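Here are my notes on the model, point by point. Please read them with the structure open.

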Amino acid sequence: MSTVLLGLGLVVGLAMVGAAALALVTRSTVTAVLAAGLVSLLASVLFVVLAAPDVAMTEAAIGSGLTTFLFFFVMGRIRREGAK
Amino acid sequence: MAQIALATGFVLILAGIYGALTNRDILRMIVAFTIADTGVNVVLVAVGFLPGRTAPILDAAVPVAQAAERIIDPVPQALVLTAIVIGLGITALMLAYAYRLFRLRGSLDISNFTELKW
Amino acid sequence: MIRNVLIAGLVALLGVAFWTLAAGYVPDAELNRTAAYYAANAQTDVGAPNIVTGIIVTWRGLDTLGEVTVLFLTSAIIALVLAQSKTPPGASGAGFLPSGELLTTGSRMLLPLITLLGAYVIMNGHLTPGGGFQGGAILASGVLLMLLADPSHRFAHSVIARVESISGLAYVLVGLAGMALAGGFLDNGILPLGRFGAMLSAGAIPLISVLIGLKVGAEFSSILESLEETEDA
């Protein structure tokens, strides 16, 4: 394990913890959903560093892509119904 | 490396559980659950990681004869692969129920749903 | 107040448990016996260079069948839950903002490429990182792009349902064929293993990957669709 990869892992891990904290403390739900998607995206980078490319692909496509849009679809439905 | 990922995953699980227990908004609780889900996946992959080895794919860089000395544990990866897919299914189910609850009360605040409270 | 103390106590207890686990963790120096078996027999048993795909599709194929069943149940339950909450007539359809020119044109250009990438990832699942789940998710992102570009466009539910059920049925049939012709349920030896590392090799793994990809893609598409639609969901 070279020092570069170790540093990359450290930075990504810290960024994930920061994004998770942001998702918990922010007041806006949209920001929280986006921060959770960011946690997933950074997790897929961490999986590549951990020599798991299969898992990284799945996490990038499903965890950060489809999940975020599911949240936005439901939030859009709720907003449309709440507005009328 | 494995220790860093392990610590990150555990912190994410704790943050997710704390957020799911303290938030009042149902959507925010679901967001916290997805964070805890990601944390569990990171911990599982980190446990399968062995230092100085490479991904479990046999090619020119990893000949079959030396595979057992060169690759990391493939079993946790297969496990996490299925866990991610099921995680999306669980999130979608929770969101559908959240929408139903919103239709019922016109609100997403968990303190408005007191039927099962004691 | 007492609630916050309880929550803090619970999280602190979990934190202590996790701390003990993380502090005492030492990475193994050797592969454990299961992993060593998989590594040593990947070429002779399944013929797939990507061991993760070999585990998912063949060695633990029954679990994968159970998993796609769980996904099917999820999409069915979501459709059921949302079908009981019909919006009142007259309130539907008007809430859509028209999507911009950029998104419409861009999706027309990107959709074939995304579908192609999905097919590539599925077909090369046993050689490179990828496989049925990843490719299915990529196909579903193509459907997602279509939904975003034209929200009022209606998909043919029956086509998605048919793709899903036919691929599921074929998956079970391939598994039964493994029982009849090869070593057991979902054994990939029903087709010749071929040359190690070639595109059409590893027995039935490419076939099963295609089936899993179609099934997962159809299930994700139907989940996305039923959560997105307001009109007749």
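1. Leaving aside neighbours within four places in sequence, with which residues is C:I77 in contact? The partners are B:L93 and B:Y97. Contact here means heavy atoms within 4.5 Å. C:I77 itself sits in helix α4 of chain C, residues 61–83. Helices are DSSP runs of H or I with at least four residues, strands are runs of E with at least two, and both are numbered from the N terminus. C:I77 is partly exposed, with a relative accessible area of 32%. The classes are buried under 20%, exposed over 50% and partly exposed in between, using a 1.4 Å probe and protein chains only. Between the C-alpha atoms of C:I77 and C:E30 there are 44 Å, with 47 residues separating the two along the chain.

2. On the basis of these notes: this is a predicted model, in which local features need pLDDT of at least 70 and side-chain atom pairs pLDDT 80 or more, while totals for chains, interfaces and linings use all residues. Residues are numbered from 1 along each chain as written, chains are lettered from A and ligands numbered from 1 in written order, and side-chain values use heavy atoms, without hydrogens or water.

3. Chain B has four helices and zero strands. Along the sequence the pattern reads α-α-α-α. The C-alpha atoms of chain B fill a box of roughly 65 × 25 × 20 Å along the principal axes. The radius of gyration of chain B is 20 Å, whereas a compact globule of 118 residues would have one near 13 Å. That radius is taken over C-alpha atoms, and the globule rule is 2.2 Å times the number of residues to the power 0.38.

4. How much of chain B is buried? Of its 118 residues, 57% count as such. The accessible surface of chain B is about 4,800 Å², and 65% of that belongs to carbon and sulfur atoms. Areas come from the Shrake-Rupley method with a 1.4 Å probe. Take the contacts in chain B between residues at least 6 apart in sequence: 54% of them join residues at least 24 apart.

5. Over all chains, the structure holds three salt bridges. The criterion is a side-chain nitrogen of Lys or Arg within 4 Å of a carboxyl oxygen of Asp or Glu. One of them pairs C:R60 with C:D63, at 3.1 Å from N to O. C:R60 is partly exposed at 41% relative accessibility. C:D63 is also partly exposed, at 44%.

6. Look next at the network of salt bridges that links C:E164, C:K215 and C:E219. The closest N and O atoms of C:E164 and C:K215 are 2.6 Å apart. C:E164 lies in helix α7 (residues 157–181) and C:K215 in helix α8, so this pair ties together parts of chain C that are 51 residues apart in sequence. For C:K215 and C:E219 the closest N and O atoms are 3.4 Å apart. These two are four residues apart in helix α8, which means about one helical turn between them.

7. The relative accessible area of C:K215 is 9%. C:E219 is buried too, at 0%.

8. C:S221 also belongs to helix α8 of chain C, residues 205–228. C:S221 counts as buried, at 4% relative accessibility. Beyond its neighbours within four places in sequence, C:S221 is in contact with C:A140, C:V143 and C:I160.
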